Amino acid sequence: MATKKDTQKADGGEGSVKSDVLREPAERLYASELDALAAADKFEKPTGWRLSPKAVLLYIMGGKVGETNITPKYVGAPRIVEIAIATLATDRALLLIGEPGTAKSWLSEHLAAAICNDSQLLVQGTAGTTEEQIRYTWNYALLLAEGPSPKALVPSPIHRALEAGKLVRFEEITRCPSEVQDALITLLSEKVLTVPELGLHVQAKRGFNVIATANTRDRGVNDMSAALKRRFNIVVLPVPSDIDTEVAIVARRVREIGSSLQLPAAPPAEEAVRRVVQVFQELRRGQTIDGKQKLKSPSGVLSTAEAISVLGNGMALAGHFGTGRVNDRDLAAGLLGAVVKEDSKDAAVFVEYLENVMKKRGGAWESLYMACKELV
Ligand SMILES: Nc1ncnc2c1ncn2[C@@H]1O[C@H](COP(=O)(O)OP(=O)(O)O)[C@@H](O)[C@H]1O
Ligand SMILES: [Mg+2]
C-alpha cells in the first residue's frame, strides 16, 4: 500500500516528487489539487459527492483555487464537460463515445477521481466479459466448504460501487456480448443488485452511477440495445479539429508523460510537436491544412493519443540513444509505425505523402522528410 508520503505532485513539472509506481491513479496523482478544491468548495454538493459540480468542472478544465494551480485535464469545450458532470448528478448514467484516442477513458478517470475520490472501480468490457463480472462471483473454496455466505461472496466493481455510493467505470461497453449489456439494464433502472443465494438485495447508495465509454469504430459489433441506450445520456467527445488545440493537448501530455516516466530528454520543441500533429491532421482529413491538395488517408486510426506516443517514443530514443534533444530521426520511426500499421497499402499512402507534400515543403520539413525516407 502506498503511503501519503509518496503521493506525486502532478504538475508535469520537473519539481514533482517521484514515486516508484509506474502509473498512479488520478486521485493520488492530483491529490493536492483535489484537496485544495475540496477545502475551498463553497457550492452545494450532490449527496455522496466529494466536490460540487462547479469544483469538478474546475478540476477538469483547469484554473486556480487560492494559491493552487489546477492543471487542465481535458482540453476542449467546457460545455461537453458540464453536460457530463450534470448527467452524473442525475439518475441517468453517462456514456462517452468517440473515435479512439479522444480522451474518453482519460475523462472518465478524472471525473471519477474528482467526484468520489476513487477512479479504480472499473469493468473492462471485452468479448469475454461475463455477467458475473458485472454482478458478483464466489470464492469457490469457501463456497464448497461452507455453502453460500456473505464471506464467500466476491463483489464485482459495480457491486462495490453500489454499496459505497461511488462511480463505476465501464470501459468499451459495446465490446461486451449483448446478454452482458442487458444485465446492466435492471441494475441501472432498479438501482439494486440481488444475490438470490443469500436473499440479499444490495440497494445503491446515493452517489452511485456509471460512466461507460465506447468507441465509434467498434459500433455495430455488439450494438447496444435501445433499452440500455435509454438509460444513458450520450456525450460525444470530438476529434480536435484545429491544429492549435491538438498541439496544445499533445505538448502538455508529452511533457507530463516525459516527467512521469523520468525520460532523460527534454520535451520536444513546440515546432516538432506541431509538425507531427500537422502530419496526423492532414492524413486524417485526406487533405493538406491549407485545403489545396487532396491526399489519401491511411486505413488505421490516427488519433491524438498516437501523436502523443510518437513524441513520447521520440523522447525515449533521444534520451537513451541520442543527444537528449528530440530530432527528426527520433520522430520518423514512430511516425512510420503510427501511419503504417497492418495494411501494406498504408505504406504506399505514406510514401505518397512524403513525396507529394513533405518533400515539396522544404525548409524545416526537409530533415523530417529525409529521416522518414530512410525508413520506407
Ligand atoms: N481533448 C483532450 N484533452 C486532453 N487530453 C487528451 C485529449 N484528447 C486526447 N487526449 C490524450 O490522449 C490520451 C488517450 O486518451 P484515452 O482516454 O485513452 O482515449 P480513448 O478515447 O480511446 O479512451 C490521453 O493521454 C489523453 O490525455
Ligand atoms: Mg479508452
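Q: Which atom of ligand 1 is 3.0 Å from an N or O atom in the side chain of Arg 253?
A: That's an oxygen atom of ligand 1. Before we go on: this is a predicted model, where local features need pLDDT of at least 70, side-chain atom pairs count only at pLDDT 80 or more, and totals for chains, interfaces and linings use all residues. Residues are numbered from 1 along each chain as its sequence is written, chains are lettered from A and ligands numbered from 1 in the order in which they are written, and side-chain values use heavy atoms, with hydrogens and water left out.

Q: OK, and how much of ligand 1 does the protein cover?
A: The protein covers 86% of the 570 Å² of accessible area that ligand 1 has on its own. Those areas come from the Shrake-Rupley method with a 1.4 Å probe, and for residues only the protein chains shown count as cover.

Q: Which elements give two or more residues to the shell around ligand 1?
A: They are α5, α11 (243-260) and α13 (304-321). Helices (H or I, at least four residues) and strands (E, at least two) are DSSP runs, numbered from the N terminus.

Q: How many residues surround ligand 1?
A: There are 16, and the closest are Val 75, Gly 101, Lys 104, Ser 105 and Trp 106. A residue counts as near if one of its heavy atoms lies within 4 Å of the molecule or strand. The shell divides into eight nonpolar, four polar and four charged residues. Here Ala, Val, Leu, Ile, Met, Phe, Trp, Tyr, Cys and Pro count as nonpolar, Asp, Glu, Lys and Arg as charged, and the others, Gly among them, as polar.

Q: What about Ser 105, how far is its side chain from ligand 1?
A: An N or O atom in the Ser 105 side chain is 2.7 Å from an oxygen atom of ligand 1. For Trp 106 a backbone N or O atom lies 2.8 Å from a ligand 1 oxygen.

Q: New topic: is Arg 169 buried or exposed?
A: Arg 169 is buried, with a relative accessible area of 8%. Buried means under 20%, exposed over 50%, and partly exposed in between (1.4 Å probe, protein chains only). Arg 169 lies in strand β7 (residues 167-171).

Q: Which side chain does Arg 169 make a polar contact with?
A: The side chain of Ser 108, at 3.1 Å. A polar contact is a pair of N or O atoms within 3.5 Å; within protein, one must be able to donate a hydrogen and the other to accept it, and residues adjacent in sequence count only if both atoms are side-chain atoms.

Q: And how many salt bridges are there?
A: The count comes to 22 salt bridges, where a side-chain nitrogen of Lys or Arg is within 4 Å of a carboxyl oxygen of Asp or Glu. Side chains of opposite charge can pair when their charged atoms come close.

Q: What does Asp 118 form a salt bridge with?
A: With Lys 166, the closest N and O atoms being 3.2 Å apart. Asp 118 sits in the loop between α5 (104-116) and β4 (122-124), and Lys 166 in the loop between α8 (157-164) and β7, so the pair ties together parts 48 residues apart in sequence.

Q: How far apart are Arg 274 and Glu 270 in helix α12?
A: Four residues, so about one helical turn separates them. Their side chains meet in a salt bridge (3.4 Å, N to O), and Asp 244, Glu 270 and Arg 274 are linked in a network of salt bridges.
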